[in-house]
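Dear colleague,

Please find below the structure that I am handing over to you.

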Amino acid sequence: MIEARHLRVLRAVAATGSFSAAARELGCTQPAVSQQMKALESSAGTPLLIRTGREMRLTQAGEALVRHAAGILAGLTAAEEEVAAIAGLRAGRVRLVSFPSGSSTLVPTALAALRAAHPGTRVSLVEAEPPRSVEMLREGDCDVALAFRYEGRREASQDKGGGGRGVQATEDWDDLVVRPLLADRLVGLVPEGHRLAKSDAVSIGELADEPWIAGCPRCRRQLVEVCEGAGFTPRIDFATDDYPAVIGLVGAGLGVAVLPELAIESVRPKGARTVTVEPAVQREIVALTLPDLAQVPAVAATLDHLARAAAR
């Protein structure tokens with residue numbers, strides 16, 4: 001019989017590439033990892049790892065088991081949480097991962113309401129941008145991922161989360177429960193003394209000759225795509241993942257930028273003005289979870305409160 005604890009060890013070994021690194025990640029000893037891997041291979045009836053010097057790689061059977069491990073472990077977590085909630089032992093726990101501008105706007109309102117309604121629920125929060133946050137969800141490292149995708153990236157599958165706007169994107173979320181939250185429009189940001197600072201609306205092409213300040217890698221790619229669609233390639237003088245830094249650089253007169261409204265909502269744009277940018281570009285903000293986890297009361301309540309926070 002394959003045990004869940006052995007699957008967790010296999011995932012750690014596959015992710016880190018060695019028994020010693022897996023032991024550090026799991027907080028145990030290297031011999032303990034080695035013993036559990038031997039037990040797992042005995043249960044599976046076939047080798048799962050190939051040891052070549054200090055390196056390790058998965059066999060075909062090992063790859064198959066790692067591929068199924070995330071779903072198995074997530075299902076077990078969901079079962080434990082749901083049974084505990086039904087039994088009245090505890091309200092549950094939720095591991096939430098969010099991108100930074102979501103953490104500073106939607107998450108505080110949602111978690112404050114969740115705590116008031118369900119004081120026994122424990123919520124942890126870490127920050128990660130998609131697609132890493134979505135990978136964490138699939139790997140079993142979180143229960144809910146607050147994520148986004150740009151609606152203009154129409155290359156792959158149709159969103160099947162229900163209630164959505166039919167946005168297609170490069171991300172494949174067909175295996176996830178998708179809760180659409182809001183459409184977050186990109187707005188322009190220029191210095192207060194800029195020639196376009198008092199304009200009601202600005203064509204992206206009017207900024208073609210400006211120095212640009214770009215945000216996170218995904219937003220940076222989107223900026224380049226939008227500008228190239230308008231017939232020019234932006235000259236990016238500065239790039240930073242920190243939205244307050246982007247706003248500060250614009251406010252100091254060092255360039256222009258386009259940012260999601262959520263990012264600007266969380267920071268007072270000193271020395272900078274926002275302008276409407278045409279053509280309109282927006283990103284879809286969603287909350288994601290796995291189908292099994294969606295049945296857990298604490299996870300379902302978290303999704304509900306995130307949706308209410310987004311509706312305000």
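The protein has an accessible surface of about 15000 Å², and carbon and sulfur atoms account for 50% of it (Shrake-Rupley method, 1.4 Å probe; for residues, only the protein chains shown count as cover). This is a predicted model, in which local features need pLDDT of at least 70 and side-chain atom pairs count only at pLDDT 80 or more, while totals for chains, interfaces and linings use all residues. Residues are numbered from 1 along each chain as its sequence is written, and side-chain values use heavy atoms, leaving out hydrogens and water.

Of the 312 residues in the protein, 46% are buried (under 20% relative accessible area; exposed is over 50%, and partly exposed lies in between, with a 1.4 Å probe and protein chains only). The protein contains 10 helices and 12 strands (DSSP runs numbered from the N terminus: H or I of at least four residues for helices, E of at least two for strands).

Strand 12 (residues 282-289) is largely enclosed by the rest of the structure, because 7 of its 8 residues are buried. Strand 12 pairs antiparallel with strand 5 (residues 144-150) over 6 bridges, where pairing requires at least two DSSP bridges; Ala147 has Val286 as its bridge partner. Strand 12 also runs antiparallel to strand 6 (residues 177-191), joined by 8 bridges, with Leu182 partnered by Ile285.

The count of disulfides is 0, a disulfide being a pair of cysteine sulfur atoms within 2.5 Å. Cys227 is buried, at 0% relative accessible area, and its sulfur is too far for a bond from the closest cysteine sulfur, in Cys219, at 13 Å.
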